[in-house]
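Welcome! Please open the model in your viewer and keep the selection panel at hand. We will go from stop to stop together.

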2 protein chains.
Amino acid sequence: VEVIDMNKSAPAAVESKPDFGYLLAERTSNMGASIIRETLKVASRPGIISLGGGLPAPESFPLEIIGELTSRALKKYKSLVLQYGPTEGFPPLREALVDLLAGRGIDVSADDIIISTGSQGALLEIGKILISKGDKVAVEAPTYMGALAAFNPYEPRYLSIETDDDGVIPESLDRLLSGHRVKFIYLVPTFQNPSGRTVPDSRRREIAEIVIRHQALIIEDDPYSALRYRGKPVPPIKIYAPDNVVYLSTFSKILSPGMRLGFCVAPPLIKKWMVLAKQGIDLHTSSLDQAIASEYITGGYLERHLPTIVDVYRPRLERMLAAIESSFPDGFESSHPEGGMFVWAAGPDGFDAERLYWKAIDRGVAFIPGKYFYTEKGMGNETMRLNFTMSDPETLERGIAILAAVIKDEMN
Amino acid sequence: VEVIDMNKSAPAAVESKPDFGYLLAERTSNMGASIIRETLKVASRPGIISLGGGLPAPESFPLEIIGELTSRALKKYKSLVLQYGPTEGFPPLREALVDLLAGRGIDVSADDIIISTGSQGALLEIGKILISKGDKVAVEAPTYMGALAAFNPYEPRYLSIETDDDGVIPESLDRLLSGHRVKFIYLVPTFQNPSGRTVPDSRRREIAEIVIRHQALIIEDDPYSALRYRGKPVPPIKIYAPDNVVYLSTFSKILSPGMRLGFCVAPPLIKKWMVLAKQGIDLHTSSLDQAIASEYITGGYLERHLPTIVDVYRPRLERMLAAIESSFPDGFESSHPEGGMFVWAAGPDGFDAERLYWKAIDRGVAFIPGKYFYTEKGMGNETMRLNFTMSDPETLERGIAILAAVIKDEMN
């Protein structure tokens with residue numbers, strides 16, 4: 001049986017034992033190990049400066065208050081934190097999110113909000129209820145591959161929307177929707193993973209007008225907007241096309257990624273089916289974790305802690321951008337994000353970022369070749385994703401200096 | 001758009017707004033609201049004695065130690081409890097489960113164990129990697145419907161295995177496997193939901209021999225075996241056919257259902273693909289909850305707390321069985337479980353337990369008509385599932401007395 005052996009702990013099947021490869025479903029072959037995860041394994045060698053990962057910095061976590069939040073949750077909700085709960089989510093958390101969402105310009109009631117097991121859980125629900133085999137799904141080029149892992153088992157076809165420094169190009173989206181019936185459009189409009197780009201307000205209004213005109217549905221994935229280090233907030237597309245947008249966000253970057261807590265505001269019919277889909281997926285998201293997140297918001301902890309997270313990341317982003325500016329050779333360009341976790345860099349046409357990757361690893365620096373974030377082969381060969389959340393500013397500066405030296409070697 | 005309106009909070013779509021019903025995937029219509037959940041809504045009216053639900057008693061939860069477990073986990077694992085973790089599970093929890101599983105006769109290493117988001121998460125992974133549309137899956141008659149909710153979106157065909165008071169009848173399984181290629185056999189062999197029945201040891205050996213001979217795969221779902229109130233433990237089928245059984249269990253009945261923690265031991269190839277499937281489902285299960293569960297085992301808390309759970313439930317089961325024995329009319333039979341959460345009762349042929357349900361509700365007692373636990377229409381009309389975990393012994397006695405009176409009315 002041909003399988004990608006990504007799981008080192010699984011011993012090879014012994015000949016005399018049944019290995020059940022013949023039982024695998026047709027869709028299963030679409031679930032190959034993530035190349036990005038494989039790349040990150042190399043990048044996690046000791047001594048490597050990793051600009052490759054996508055993890056929040058542990059020092060950004062409100063670790064010292066978790067015990068306190070747990071005590072508050074236990075005292076307030078007692079056995080409810082351990083009992084089965086409603087599929088829609090823990091009611092006090094849904095209530096607490098009303099204010100948080102209002103702060104982002106999204107005015108809804110608690111009933112309109114559903115909780116998911118990470119944003120990944122919501123993406124899975126969406127894939128499950130909407131995608132039949134062969135259906136078309138429009139994504140940015142480049143796009144977030146984790147979302148595609150949620151959609152892939154349902155076997156969609158991806159169509160790429162062109163992007164520039166301001167993210168999705170509205171004309172490209174309009175053309176695509178004129179030529180194709182798509183099930184939905186998946187976008188990360190703010191501090192995108194992988195590009196770090198943010199779609200400006202004017203372009204969001206254009207995108208909203210286009211999807212309303214085409215009666216199309218956007219999945220607006222917004223994990224990063226709270227991580228803004230400079231500049232002014234941009235409202236979500238959701239507020240310009242409330243009936244046409246499923247808005248997703250997460251606690252992964254403002255509390256803890258390990259707790260697997262996401263939240264979602266969707267048009268009524270989509271929401272109803274997402275809840276039904278979730279019943280078969282995990283019944284509901286951890287009651288204890290939801291109760292802790294609820295206390296995190298209502299007790300004012302999030303409001304007090306968020307500046308700490310921003311203070312951890314702001315100097316890292318600034319130092320990385322300054323280092324790129326001063327050391328990358330002519331012909332290289334990078335995004336200039338005002339928040340999030342990633343910077344995107346692109347070499348001149350014909351530059352091979354994957355070849356660069358192996359040379360950089362030998363010199364002790366890792367990143368992710370950008371081509372892995374494209375659904376179409378042959379795109380993005382010259383690009384790379386650089387993460388700035390997992391190292392201190394000095395290490396980031398050293399990493400970029402080494403990378404610049406390897407790039408110059410490679411270009412000579 | 002025809003949808004089952006199970007979600008009261010979702011307003012009806014207004015005509016002028018897009019409702020996106022036309023975007024739903026073909027599989028979505030297989031995800032109707034659970035009839036059991038609908039039934040339970042009626043059963044949750046104030047004043048109703050509910051023998052209908054399937055929830056653990058809140059007084060069985062180790063609520064007073066959750067704060068302590070959280071402190072221990074934070075002290076020991078620090079930021080790891082909040083960070084992204086491995087898809088296979090939190091390593092200390094996988095280690096801790098080695099002993100727990102050995103106590104059930106399953107000798108494995110930590111590498112062989114994977115953590116899921118509830119047993120439901122593991123069932124979903126199994127459905128996702130194994131079931132193609134139209135594939136055959138063998139289930140008990142009656143069977144646990146929650147598992148079917150995980151499998152249904154992949155559109156299998158179900159084949160029923162006959163059962164008697166000792167659960168699955170081996171000859172029926174053998175006949176079924178001789179006549180059909182099935183993807184897998186889904187069984188709950190111990191204190192089954194809904195029947196409360198347990199397959200005896202001798203029959204487990206026969207079942208193991210049969211699946212080995214047919215090179216078939218069993219999904220052995222074991223949420224209840226720790227809840228034994230009398231009699232001797234029976235080993236899992238897994239130990240008699242280790243290469244042919246995926247063994248699933250959960251913390252839902254020994255710690256907390258709300259924390260959504262399951263664990264699984266599977267043959268290597270199945271395990272490998274379950275992990276890949278889980279990457280697209282939820283990346284991993286809550287790190288914090290896994291760390292708490294790990295401390296629950298390694299700190300000796302589970303061992304000390306389990307007798308408390310057993311002491312809560314034992315008198316409830318005894319009182320319910322005694323009440324049934326003394327008050328149900330001739331022609332009625334019930335299972336005599338030694339553990340778990342459910343008793344199964346069956347009236348004479350032709351008895352209509354659904355009609356009884358509505359009359360019993362009027363008199364203030366709820367249960368679940370057994371026919372909802374069958375995959376084939378027309379089966380189990382005379383049966384009912386009676387839960388004994390959610391009321392104290394006196395209330396259970398009163399509930400059974402009322403039910404017996406309604407049954408006698410109905411039979412006259």
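How many disulfides are there over all chains? The count comes to 0. As you look around, keep in mind that this is a predicted model.

**Stop 1: a pair of cysteines**

A disulfide would be a covalent bond between the sulfur atoms of two cysteines, and none is counted over all chains here. A:Cys264 is buried, because its relative accessible area is 1%, under the 20% cut-off. B:Cys264 is buried too, with a relative accessible area of 1%.

**Stop 2: the two chains together**

Now colour the model by chain. Chain B can be superposed on chain A by a rotation of 180° with 0.0 Å of shift along the axis, and the RMSD is 0.0 Å. The two copies are therefore related as by a two-fold rotation axis.

Next, show what lies between them. In chain B, 98 residues are in contact with 96 residues of chain A. Of the interface residues of chain B, 98% are also interface residues in chain A, so the copies meet through the same surface.

The size of an interface is often given as the accessible area lost when the parts come together. Here chain B and chain A bury about 8300 Å² between them, and 62% of that is on carbon and sulfur atoms. Select B:Leu82, B:Tyr84 and B:Trp273: in chain B, these lose the most area to chain A, together 9% of what that side buries. How many salt bridges are counted between chain B and chain A? The count is 0.

**Stop 3: a helix**

Stay with chain B and select residues 91-102, which form helix H3. Its 12 residues reach 17 Å from the first C-alpha to the last, close to the 16 Å expected at 1.5 Å a residue. Which residues of H3(B) are buried? They are B:Pro92, B:Leu93, B:Arg94, B:Ala96, B:Leu97, B:Val98, B:Leu100 and B:Leu101.

**Stop 4: two cis peptide bonds**

Go to B:Pro142, in the loop between strand E3 (136-140) and helix H5 (145-151) of chain B. The peptide bond that leads from B:Ala141 to B:Pro142 is cis, with omega near 5°.

Then move along to B:Pro194, which sits in the loop between strand E7 (184-187) and helix H7 (201-213) of chain B. Here the peptide bond from B:Asn193 to B:Pro194 is cis, with omega near 20°.

**Stop 5: positive phi values**

Select B:Glu155, in the loop between H5 and strand E4 (157-161) of chain B. Its phi is positive, about 60°, although B:Glu155 is not a glycine. Is B:Arg260 buried or exposed? B:Arg260 is buried, with a relative accessible area of 3%, whereas B:Glu155 counts as partly exposed at 22% relative accessibility. You will find B:Arg260 in the loop between strand E9 (245-250) and strand E10 (262-265) of chain B. Phi of B:Arg260 is near 55°, again a positive value in a residue other than glycine.

**Stop 6: around an isoleucine**

Finish at B:Ile324, which is found in helix H10 (residues 301-327) of chain B. B:Ile324 is buried, with a relative accessible area of 5%. Leaving aside residues up to four places away in sequence, B:Ile324 touches B:Ser334, B:Val343, B:Leu386 and B:Ile400.

How values were computed:
Residues numbered from 1 in each chain as written. Chains lettered and ligands numbered in written order. Predicted model: local features only at pLDDT ≥ 70, side-chain atom pairs only at ≥ 80, totals over all residues. Heavy atoms only, no water. Helix = DSSP H or I, 4+ residues; strand = E, 2+ residues; numbered from the N terminus. Buried < 20%, exposed > 50% of the residue type's maximum accessible area, 1.4 Å probe, protein only. Least-squares fit on C-alpha atoms with pLDDT ≥ 70 in both. Contact = heavy atoms within 4.5 Å. Expected span 1.5 Å × (residues − 1). Disulfide = S-S within 2.5 Å. Buried area = accessible area lost by both parts, 1.4 Å probe. Salt bridge = Lys/Arg side-chain N within 4 Å of Asp/Glu carboxyl O.
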